[in-house]
Amino acid sequence: MTARQGAGAGSTSTGSTTASTSTSTADRAARPAAVPAGGRRRRAPLTSRWRTRLEIAFFVTPALALLALFVVVPVLQAGHYSLYKWNGLGPMDNFVGLANYVQALGDDVFTGALRHNLTIIVLSIVVQLPLGLAIALLLNRNMWGRTALRVIIFVPYVLAEVVAGVVWFMLLQPGGVVDALFAAVGLERYTQLWLGNPDVALYTVMFVLTWKYLGLAVILFLAGLQGVPPDLHEAAQIDGASWWQVQRKITVPLLGPTIRTWGFLSMIGSLQLFDMVWILTKGGPANSTMTMATYLISRGTERSQYGYGSAVAVLLFAFSLVLALLYQLFILRRDNSDGAHTPSSEKVKR
Amino acid sequence: MKKTTLRTAVALTAALGLLAGCSSGGGEAADDGDGSTLTWWHNSNTAPGKDYYEQVAADFEAANPGVTITISAMQHEDMGTKLNAAFQTGDTPDIFMERGGGEMAAHVEAGLIKDISEPAAAEIENLGGAVAGWQMDGQTYALPFSLGLVGFWYNKALFAEAGITEAPETMDDLYDAIDKLKAAGIAPISVGAGDVWPAAHYWYYFSLRECSSDVLKDAVTSKDFSDPCFVAAGEDLEELIAAEPFNAGFLATPAQAGPSSASGLLATEQVAMELAGHWEPGVMQGLTEDQQGLGEDTGWFAFPEVDGGAGDPTDQLGGGDAWACSEQAPDICVDFIRYLLSDEVQQGFAENSMGLPTNPAASASVADPVLADLLAVRDEAPFVQLYFDTAFGENVGGAMNDAISLLFAGQATPQDVVDQAQTAADGE
């Protein structure tokens, strides 16, 4: 506790010279000794501080060890493998430098996959955000069958991705249930080879993804709506605001942090998209639904090009990292700064 | 206070123990073979094959006291994945299935597979040309126990319904059959282009008809695709695709999984034929409720002759499975795979319809009449080309297959297929 205060004091006097910083350090060191207190009292905080540190170490070490073993080490290994041409068998001795990266970035299928990933990010936000918001606002009202509707909306999200994928795969077969539904309402001329037409397949996949992940958006937004104080609504209504105005001017702005968090989750999910695509199309037809992750599997591991696959994995990691940082920097910063900076700015005002 | 510390210590030890267990657990399963224990991985994981192989192992153990054989019968794809991982760690089973071609070449180069040329000389002699796919630089590394062909499987009833009396022998016959089937409202051919390799088989076969066997044999070793016959093969395929003989949405159709797969469509009588390997009757049986597949209506004909092609029309495309021993396996391993290729074991293998036996002594034991026909065609073929993707290895084969699937989608030219394969080969 005292150390924290010392550090805080140091940071407020950032402009001052090193000499002043060192005095403050000396101050800090002297302070505990200078505090006149009974022996019993003085010893208790000391052991409890060590105890706290031990407890932190005890609880954090297993998690850190697992993280290092299953995340950090494999990431570093992938970086190492990516510099070699290696088929996974025998010694890894064919060093090729950055050739794998050059090859990936020059491959139309890989750049196409990257483009598909970006398309999916944009479409998720353009389609799922308004839709999810509308449904959340609707389900936030008191209406008959609300709980049942909430459950129905959320069920696809709970369903295992592979199961949902297989079900949709069967429904979307030529002459399958979806085609039959179209025919039943007189729209048979709009039926397509949903998964077999390279021009349509990506949008079919996008539809299934929306069906699957809309529930998550709705649940998150509903949770966010619980944090919007009802007295604001009442006040606005007393001032004569309509329901629409209340939603637009009060609810949605206050839902901002939730929406931005959802956007982040959605973006990361879109970048790493694999299972649904793999089950529905395997990245085909004619690579029209290839994502970076399916490319990694089909061109890397399935062809025993482990070096090349690792390079693709590193690129996928880099793209995700850059996009995540940009998002953090430009969009999530507002939410973070709200929490971190307000107290200090208040201090300045005082 | 003391109690808590004790408890903490216990918990800490337990946690550490758990972690240690994670890291060391994997290693203990390894068995380097002490001369008397053999591990055997195979993919006959259903009756009667599974029981038959257990019996075979028991017989071998009885004849060779002190030898224990540990069998792992796995589902085919599982086995492939596990074998790949095993090869990477170098901790392979003693006896495993080897598909030959470029895959085997990689195993040989990495020193993972035993050279059995000398101890199994008698069996190699007996199997004759069938062993060719498992030989490299004059050395033999595995003994093929099942070798099949790719050809057209068709529904005799649907052919009769469309007024086709004879199985097609030339491409003109095939185009004629396609027209008749379409006129009768029957989808002519299903192809699992979603899984890529079934589509690639068409290109392989056109290459086999357009190129002489010498050109193909040379291409497998030199990986040089400059002969114009490879482009001609792509042009033949383009012509076939332009005739639109395939099932609706074939670009997304899987090969064998489920009733909407290419095999499923043939088994449920929604298409008249499919180009597939010797495994097709078994696959179709699994996809129909009565376990009969097409039953009596199952027919087979070889890939038709192509006008003006340099290839012998009786050359066939095929592939098979062979038994191999890992480099560190004890010598008794070779005795066991020799036993697996013996007359009696191969006869039982044929009687149980587990595949197409390679030992000539077992040819007469093939029970299924259609498979017996196929076996006759195989034994008459002057040259059996191993599937290109296996022969060229996963890298070149994969690039070739992807380009072929783009050709099916109308997004690649015959020249593109050759260029893609050549680029991948040059990059190796």
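R299(A), R303(A) and D402(B) are linked in a network of salt bridges. A salt bridge here is a side-chain nitrogen of Lys or Arg within 4 Å of a carboxyl oxygen of Asp or Glu. A search of the whole structure finds 11 salt bridges over all chains. The model is predicted, so local features need pLDDT of at least 70 and side-chain atom pairs pLDDT 80 or more, while totals for chains, interfaces and linings use all residues. Residues are numbered from 1 along each chain as its sequence is written, chains are lettered from A and ligands numbered from 1 in the order written, and side-chain values use heavy atoms, without hydrogens and water.

One salt bridge joins E55(A) to R51(A), with the closest N and O atoms 2.8 Å apart. Both residues lie in helix α3 (residues 39-81) of chain A, four residues apart, about one turn of the helix. Helices (H or I, at least four residues) and strands (E, at least two) are DSSP runs, numbered from the N terminus. E55(A) is partly exposed at 37% relative accessibility. R51(A) is partly exposed too, with a relative accessible area of 37%. Buried means under 20% relative accessible area, exposed over 50%, and partly exposed in between (1.4 Å probe, protein chains only).

In chain B, D331(B) forms a salt bridge with K114(B), and the closest N and O atoms are 3.9 Å apart. D331(B) lies in the loop between β11 (316-325) and α13, and K114(B) in the loop between α4 (101-109) and α5 (121-127), so the pair ties together parts that are 217 residues apart in sequence. D331(B) is exposed, at 61%. K114(B) is buried, at 12%.

R338(B) pairs with E123(B) in a salt bridge, at 3.2 Å between the closest N and O atoms. This pair also links distant parts of the chain: R338(B) is in helix α13 and E123(B) in helix α5, 215 residues apart. R338(B) is partly exposed at 28% relative accessibility. E123(B) is buried, with a relative accessible area of 16%.

Helix packing was examined next. In chain A, helix α7 (residues 161-171) and helix α9 (residues 201-226) pack at an angle of about 135 degrees, with their axes 11 Å apart. That makes α7(A) oblique to α9(A). Axes are lines fitted to C-alpha atoms, for helices over the stretch in contact, and angles run from 0 to 180 degrees between N-to-C directions. Angles under 35 degrees count as roughly parallel, over 145 as roughly antiparallel, 65 to 115 as roughly perpendicular and the rest as oblique. E161(A), A164(A) and W168(A) of α7(A) meet F207(A), V208(A), W211(A), K212(A) and Y213(A) of α9(A). Contact means heavy atoms within 4.5 Å.

In chain B, the axes of helix α7 (residues 171-183) and helix α10 (residues 229-242) come within 11 Å and cross at roughly 20 degrees. The two helices are therefore roughly parallel to each other. M171(B), L174(B), Y175(B) and I178(B) in α7(B) meet D236(B), E239(B) and L240(B) in α10(B).

Buried positions in chain B include S44(B), at 16% relative accessibility. S44(B) sits in the loop between β1 (37-42) and α2 (49-63). In helix α14 (residues 343-351), V345(B), Q346(B), G348(B), F349(B) and A350(B) are buried. The buried residues of α14(B) pack against α2, β6 (143-149) and α13 (332-340) of chain B.
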